[in-house]
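Subject: Predicted two-chain model, with notes

Dear colleague,

Please find the structure handed over below, together with the notes that I made while going through it.

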Amino acid sequence: MTFSDLSPNGSQLLDRRRFLTESATALGSIALLELLNQQQSLGASVQVDPEKPFAARSGHYGGKAKNVIVVFCAGAVSQLETWDYKPELIRLDGKPMPGGPAVTFQGPAGNLARPQYRFRQHGQSGKWVSDMIPHLAELTDDLAFVHSLTSTSNTHGPAENFLSTGFQLDGFPSLGAWVSYALGTENQNLPAYVAIPDPRGVPQNGANNWGAGFLPAAFQGVMMSSREPIRHLRGAGPAGRDTAARDWLRRMNGRHLEQNPGDSKLAARIASYELAARMQLSVPEVTALDDEPAHVLKAYGADDTTQPLRAAFAKNCILARRLVERGVRFVQLFNGAYASGGELNWDGHNKLKQQYDRHAAILDQPVAALIKDLKQRGMLEDTLVVWCTEFGRMPFFQKGSQGRDHNPNGFTCWLAGAGVKAGVSHGLTDELGRAAVQDVHPLYDFNATILHLLGLDHERLTFKHNGIERRLTNVEGHVIGDVLA
Amino acid sequence: MFRWLLCCVCFWCLLDAFSPSVFAQRVDYVRDVRPILQQHCYRCHGEQRQRSGLRLDIKSEAFKGGDGWGESLIAGDPEESPLMQLVTADDRDMRMPPGKDGLPPEAIAVLRRWIAEGAHWPDGVDLAELEDRMDHWSFKPLVVTSPPAVATADWARGPIDRFVLAGLEQTGLSPSAPAEPLAWLRRVSIDLTGLPPTPDEARRFLERVATSPTAYEEAVDRLLASPRYGERWAQHWLDLVRYADTHGFEVNTERPNAWPYRDYVIEALNSDTPYDRFVREQIVGDAFDQDPATGFLVTASVLLPGQIGKDEASKRLARQDALDEIVNNVSQTFMGLSVGCARCHDHKFDPISARDYYSMQAFVAGVEYKERRVETGDAEERRRRAAELRERIAAIDQRLSDHVPLARPQTHAAGRTTSAKLDRESFPPQEARRTAVDALLNIDRFAPVTTDRVRFVVAATNTLEPCIDELEVFNVQGENVAAAERGTGLMVSGETMVANRHEAHFVHDGRYGNERSWLSNQDGAGTIELQFADLQTIDRVVWSRDRNGQFHDRLATDYHIEALVDGVWRRVADAGDRHGYDADAAPTRLADELRLSGLSDEGRRQVERQRKEKQSLEKAAAEAEQGPVAFAGRFRTPDPIHLLSRGDPEQPRDRVPPAVLSRFGEQTLAPDCDEQTRRLALADWIVRPDHPLTSRVLVNRIWQWHFGIGFVDTPNDFGRNGSRPSHPELLDYLADQFIRSGWSLKQLHRRIVLSSTYRQSAQHNAFAAQRDADVRLLWRFPRRRVEAEVIRDTMVAVGGRLERTMGGRGFDRFNKRGGLSGFTPVESFEGEGLRRMIYAHKVRREPDAVFGAFDCPDGGQSAPRRSESTTPIQALNLFNSTFTAEQSAALSQRLRRECGSDVDTQVARAFELVLCRSPTPTEQKEAGRLAAQHGLETMCRVLFNCNEFLFSP
């Protein structure tokens, strides 16, 4: 009997096959950190060395994007107030929708309602964009819109799960976890995957959006913002005490390893303490925005104390850029918080216009500045920017209210940057924006496209759990070719 | 497409008519058709892959068709055959084969003609053979072989060792030397109880080892008899069934009575409940006097009624998802089968059809994700009495409410004038006003309105954000239709959440007092909106700040109540016709709200009598109601279950009765079979001694939890896509023994941990590692990092502060639950926060702030085996957290207390407690120096971070 007979799946993460043969004395931090920089290539499923789970790994094929920033708008942004221009809806304003549903998610449907903002044409492409987001509107030539996305759920919780993990149910790995599992990261002194919550609070589904699901905990997103760096980054005592403690720990562990030579798990843990010590230095450096010049702060709106929420979100946007600049693989930037009757996120059921005025002011300038900044620094060449939301909203108002109900049948997200065909608009909803009718794409396709841009084949990026080779895209997904450069 | 097809038809007619040479003879499958399929289709629909469930290289499969398409070939009818529709589709996303060009027209013509001619596919010509999906080791009966003969005769203590040794010898390996007695004791103590031995236990064990041949057996018996055993092993089980104390999904609110199930598992393990009974109780404990056990059925995340869409499709999908979770839990936990894969299509690997899947659903189709009264001896009687009392109370309230003056709301708030003459309605004369608002109780009575939505809008308070402990809305039958238990949905404008005190849903939970109240997040404002399950005719709203009478602040002094009638919000009551609020006035009582003027003396006496009666009835009702409840599912008439095409609830096919997996058994129940009988039948089938999976799956799990890896390293998948066992004979031998022992887990543990295999040292060996790096053959004991729970519990225990109270609601690891700030972790733990970690209130998918990074499952999906990752975040948490600082301080206090001020003694004791050994002279010196320079706490903190502490020996 040979080993390979025993374990067809034994090559997975944490089934440790590799052993360090170095003696304990060679296990100084430098030697280990050298190892962390080695590249590996991907097989059908990812080979992660447990000693260096974050080492940069190459994808299935050359991807144009190396890093990703996802702007995640929680609460479901109305496509009709933003990117999906529907003149017919203006014409039929106030009329009942012919053949429309009587009851939607929250209750009885009211009459059709025109977009609550004026639309104008922008850029070379003449793209119609609403006045709600004037800064982003200027950038339409850089963006690739998918207007025909669909979700499998009309409920925030399952739908945010679906957007973030490809499954409605709880417990599946998030996109960022998949990506850091597949590709590791370029900077070993910072987390591979950072989730930056909105200054107004955490999104509806909380940690599910950046969880590792059944992937090892190492690949979950680390929460960090311009206000709050990583938890437990420093101990309470004086630095000298920590240094002395670490020294003795190193000696204790070194001797223990000498008595148990060749055990890679022990070596990996020693290395993790070295990495933690480096993180203590690099995290404060990246979160301190002091060295950002005044004109940058101004461009993002980070210096405007009269709009503290926008300033705080703007700082998060700057932080996202700084993280990617330093090689962090995946940054998720949340815009919009928890369910709050639409007060703190994009869930405009009742007073949509009034609430969107406030939300748009927070979103618009900072995200636009982020894209311009990335472009100006040449970072858009290898950074993918994703703007997404869990579903869209109905063309009619809810009965007795001034807002729109949930609509998973047709909504818009966009991509920009590395590998993306700029200025393209793909897919169509019907003339009222009720449902996608041309080039319909379930969110699986959107996620497959993001992986593709990173050089990952969504069908080959798998992890076996409970007997199933799990994928971000379940058994679905087609790359949306029209948005690729 | 129709037009295109028509063209094709014409084209083919032309061909047929004018090119007799091409089609002179009948199409032959082997000569003409198969090459086309081979060239264009087999890659995705052949032996290797069967995309969309379609396989075209085998006759029976090809005719059967793929998922959701029905038969792919209809002999004689090319236009109706999905195969033709797919190869001729003009939508590129749909057309097969994928790609720019599709099939060449000649090939299409051949296929069309072949089908038109009857799709003749001779038997016996297929090059591939359909495999028998039942031909798989774990689907066959146990094969019990006697333990093999081995060359090294004196190593093996029993059958386990002989099987393991035979495997090693075959590979040219030999077992490792036995571990030192103390190393074994530390290993087995952590393994069985999750805690290391105390220095006393260690000393006594060494004494026994020196004098008695049964020292090891005694130690194991002691550990298995300890209640700590159940606490340790229940955690493995809870990982598996994804237990949590919250509902999951977006709101992730508390599931307050989930813990009785956790306690049941601990108790069942401690009392060595036979496993077959353990399985039965979890599926149908209501039939075995073990009510909380059925918590198993409803451990999954679930959408609460208010989170599910109002449209019927949303409701159907939510119900399907909820049932799916039960089927998954039952099949993967007990049988190691991924039955859930067959929800949308027949299982890709295992002999489980979509019909089988829905038949399994039918067993549990009457289970609701709800709390249930837990049966105790007198529960039935108490419940009946409480219900009767509540009815009488409601009747009295209804009668008394006749004496409450009607509210006269200001229908046009803006039109309010100061002239009583101009607007009598909105500005009542002083003497006709209702009583001022009161913290204790307020009743707003109005003419009946029919509605399903009511909102209560606060416009001003006496101080700060409004707080309301209960809002009740009564229909004309006198029932409180606002109550959450009636399925009434709730929305609030916002809230200031304080765990277990102010949570929005407390406002209609039927419980009074400040500690069960809603607190707004706006000064002097806030809105509560209720959505009833159906239309109600209501005439009374009763609300209060604190019905227990303790708090008078945060009282709504200006408010209005509206009901949605025909899509318009209609005001039914407000504060405008009440007397102004006077902070100095004495608190009012219910009687003050009643309009007693105009009543005869006898009338007043009657009202007074009724009030008194009500008070005593309320007391009696509260007593009768104090029976325990558990989130253990509520059982009702089962839903009819239909086979759903592609798993879509909007595409139901025929109805299916409850039936066991058709390839594994034959039992089918009547479609209208009663609820409990269904679950009983399911449980009976699973624990049949001849069920090929149940005992194997469990024995494999136990082995895995002892050694870190099972014989089968896919513990939730014993199907054809799972791994093959490393020691198939040993697995079957143990499974057979397990059943013979009366399904006793403790006997199984005993057999394993006393084996020579388990007693081996964990020492690495380069030669063996080259042949078996994963230690699957067990040439040593596989060392592994201990779990988060072991680290935390041990840190607290060695500090001498472990709180050993068992059972009951868990302690909180978060100060605030959800809401805007998310879950804010508790940093500093005292009292019940120092209980074992299994008693922590498990918030689904919110990782523990310190230990979550150590691979604690998130409660989303089943975690049959924990991953063991190593990250810098773990190092930061364990090195810098307040938790570590506090436990280090506690341990150093203990050292000072027990050892006085002598550093050497302190260090020696610390090593004993934390690492179960004495320090070497070097360690003694270094530790002493660190303690002297940086404090004893710092030395303790390092010990808690040592690899030696974090790994099982």
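The notes that follow begin with conventions and then go from the whole of one chain to single residues.

This is a predicted model, in which local features need pLDDT of at least 70 and side-chain atom pairs count only at pLDDT 80 or more, while totals for chains, interfaces and linings use all residues. Residues are numbered from 1 along each chain as its sequence is written, and chains are lettered from A, with ligands numbered from 1, in the order in which they are written.

**Chain B as a whole**

The secondary structure of chain B comes to 31 helices and 16 strands, where helices (H or I, at least four residues) and strands (E, at least two) are DSSP runs numbered from the N terminus. Taken along the principal axes, the box filled by the C-alpha atoms of chain B is roughly 105 × 100 × 55 Å. Of the 953 residues in chain B, 47% are buried; a residue is called buried if 20 or more other C-beta atoms, placed from the backbone, lie within 10 Å of its own, exposed if 12 or fewer do, and partly exposed in between. Among the contacts in chain B with a separation of 6 or more, 71% join residues 24 or more positions apart, a contact being a pair of residues whose C-beta atoms, placed from the backbone, lie within 7 Å.

**The interface**

In the interface, 91 residues of chain B are in contact with 86 residues of chain A. On the side of chain B that touches chain A, the elements that each supply at least two residues are helix H14 (312–335), strand S10 (568–574), helix H24 (766–771), helix H26 (872–880), helix H29 (921–934), helix H30 (936–945) and helix H31 (947–950). The largest share of that side, eight residues, comes from H26(B). By class, the side of chain B that touches chain A has 28 nonpolar, 41 polar and 22 charged residues, with Ala, Val, Leu, Ile, Met, Phe, Trp, Tyr, Cys and Pro counted as nonpolar, Asp, Glu, Lys and Arg as charged, and the others, Gly among them, as polar.

**Helix packing in chain B**

Helix H13 (residues 275–284) of chain B packs against helix H19 (residues 675–686) of chain B at an angle of about 155 degrees, with the axes 9 Å apart; axes are lines fitted to C-alpha atoms, for helices over the stretch in contact, and angles run from 0 to 180 degrees between N-to-C directions. H13(B) and H19(B) are therefore roughly antiparallel to each other, given that angles under 35 degrees count as roughly parallel, over 145 as roughly antiparallel, 65 to 115 as roughly perpendicular and the rest as oblique. The contact is made by B:Val279, B:Arg280, B:Ile283 and B:Val284 of H13(B) and by B:Gln676, B:Arg679, B:Leu680, B:Leu682, B:Ala683 and B:Ile686 of H19(B), and by class it has seven nonpolar, one polar and two charged residues.

Helix H28 (residues 903–915) of chain B and H30(B) pack at an angle of about 30 degrees, with their axes 11 Å apart, and are therefore roughly parallel to each other. Their contact is made by B:Gln906, B:Ala910, B:Val914 and B:Leu915 of H28(B) and B:Leu936, B:Met939, B:Cys940 and B:Leu943 of H30(B), which by class gives seven nonpolar, one polar and no charged residues.

**Single residues**

B:Arg845 has its place in the loop between strand S16 (824–825) and H26 of chain B, and B:Arg845 is buried, with 26 other C-beta atoms within 10 Å. Leaving out residues up to four places away in sequence, B:Arg845 touches A:Asp170, A:Ala207, A:Asn208, A:Gly211, B:Asp858, B:Gly859 and B:Gly860.

Most residues other than glycine have a negative phi, and most peptide bonds are trans. B:Asp855, which is not a glycine, has a positive phi of about 65 degrees; B:Asp855 lies in the loop between S16 and H26 of chain B and is buried, with 23 other C-beta atoms within 10 Å. B:Met96 and B:Pro97 are joined by a cis peptide bond, with omega at about -15 degrees, and B:Pro97 is in the loop between helix H5 (82–88) and helix H6 (105–116) of chain B.

With best regards

Key: Two residues are in contact if their C-beta atoms, placed from the backbone, lie within 7 Å.
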